[in-house]
Amino acid sequence: MPGKFYEAPIDEYLPQNGNRGYRVSRYELDLTYKVTGNRLAGRAEITAVTTAVQPRFALDLSQALTVAKVFVNGAKAAKYTHQRGKLVITPQQRIPAGGVLSLVVQYGGIPRPVRGPWGAVGWEELTEGALVASQPNGAASWFPCDDHPSSKASYRISITTDSPYYALANGTLLRKQVKASQTTWVYEQAEPMATYLATIQIGPYQKHRIVSPANSVPMHAVAPVRLRANFEHDFARQPQMMEVFSERFGPYPFEGYTVVVTDDELEIPIEAQGISIFGANHCDGRRGAERLVAHELAHQWFGNSLTIRQWRDIWLHEGFACYAEWIWSEEAGGPTADQLARAARHNLSRQPQDIAVGDPGPQHMFDDRVYKRGALTLHALRLELGDLGFYDLLREWTIRYRHGSVSTEEFTDLAGHYSRIPLRPLWDSWLVGKPLPQLPPSAA
Ligand SMILES: [Zn+2]
């Protein structure tokens, strides 16, 4: 029955990604990386529970990587195939629904990013080192996985690489072991994480702690020494930002927050779980990217802790992160969110109005209009609910769905509890309709 795994896509936006028949609870990745030559060798142990009796189970894995061995529940697999980005494994014995599925995959090769409508995403070689930025479908460029945002699991990531380099992955550093010219770094990510947020960062970096209030979330920078002074200036207000967002959005959802600055320039900064990655160009000593510092930090709540089930709801990540930029500006004494919202609406009014923000289509998922109109939707909601109700709603949202999966419907349902009038017209005009609605009059 070839094609069985492709019949009903998990997500209409990424029909090739995600797999049926099991739920992953944990990934344990043991990776070795040679910086020179960009060579990756890995062993992935995936612990899952089956949700249906199936003769075969599929994982997403790039064809740039070659599979050497596969084990199922300790026994060598009867058979596997690896074609068109799917590693399809046939266990020797049928596994009942609800049974344990433990998959071990040994693989290796020269990883390269996955190319698609959203550019090149995934494992990327740097001038000296590597980075991983996988949104939305780059995870399979470096490990076999069930690549879909609704599939969240805990991780242990062990990365062995050449000793002079710093190697960072998500979560807490459990141990670091130097053996001759190689160093092994072992990280534990206990809170559930979507595949696209899993990351490795390798480069000529040094780590330093960011000075912040004693009881605040621990924050670190992992950056080239040459950028240290610029970093101190450009990210100086990040601790204050953390305080503001923790107050407005509820408690920060992870154990710590690390900002990586690569030695190379990057087109845009990217979020990972507990980590944000900026390019050297975002750290220019002129604080030119502070808007983006706020944006990436906000993703820790909106995107990383609360992760969408379906890519169509991307505004729940990007609209919120964009609105957080405006909240930060307002709180930091810059233009108010209302001023920024009205300016953004004016800009949008001069662009094509052919996107429904609540379902923009895969081509427009990361269109700036989705970000801005998503933020405007929240501003319209804030004007409706008032500041008190609006921020109470945001805090209930992040606490109720902490480390979970979310949908637009869950947000609009919860928001309904904070409103005296039905919000359906607001959602219909901002998220469903394409013509740009007017913002309600300012509260003041
Ligand atoms: Zn974003």
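Let's start at Thr-307, which has its place in strand 22 (residues 307–308); strands here are DSSP runs of E with at least two residues, helices are runs of H or I with at least four, and both are numbered from the N terminus. This is a predicted model, in which local features need pLDDT of at least 70 and side-chain atom pairs count only at pLDDT 80 or more, while totals for chains, interfaces and linings use all residues. Residues are numbered from 1 along each chain as its sequence is written, and side-chain values use heavy atoms, with hydrogens and water left out.

Is Thr-307 buried or exposed? Thr-307 is buried, because its relative accessible area is 0%, and buried means under 20% (1.4 Å probe, protein chains only). A polar atom of the Thr-307 side chain lies 3.3 Å from the backbone oxygen of Asn-304. Leaving aside neighbours within four places in sequence, Thr-307 is in contact (heavy atoms within 4.5 Å) with Pro-149, Lys-152, Ala-194, Tyr-196, His-317, Gly-404, Ser-405 and Val-406.

Now move to helix 2, residues 238–249. Its 12 residues should span 16 Å at 1.5 Å a residue, and the end C-alpha atoms are 15 Å apart, which agrees; the expected span is 1.5 Å times one less than the number of residues. The buried residues of helix 2 are Gln-238, Pro-239, Met-241, Met-242, Val-244, Phe-245 and Phe-249. They pack against strand 18 (219–223), strand 19 (257–261), helix 3 (290–298), helix 4 (315–331) and helix 6 (368–400). After helix 2 comes Gly-250, with a positive phi near 95°.

The largest pocket holds about 780 Å³ of space. On a 1 Å grid over the protein atoms alone, a pocket is an open set of points with protein on both sides within 12 Å along at least five of seven lines, a cavity is a set where a 1.4 Å probe fits but cannot get out, and lining residues have an atom within 4 Å of a point. Of the 26 residues that line the largest pocket, Trp-118, Glu-267, Ile-268, Pro-269 and Ile-270 are the closest to its centre. Elements giving two or more residues to this lining include strand 10 (119–126), strand 20 (270–272) and helix 3.

A search of the whole structure also finds 4 cavities of 30 Å³ or more. The largest cavity has about 100 Å³ of space, and helix 6 gives the most to its lining, with 3 residues. Among the residues lining the largest cavity are Leu-348, Asp-354, Arg-373 and Leu-436.

Note on methods. Buried < 20%, exposed > 50% of the residue type's maximum accessible area, 1.4 Å probe, protein only. Polar contact = N/O pair within 3.5 Å; in protein donor to acceptor, adjacent residues only side chain to side chain. Points joined across faces, edges and corners; volume = space filled by probe spheres on them.
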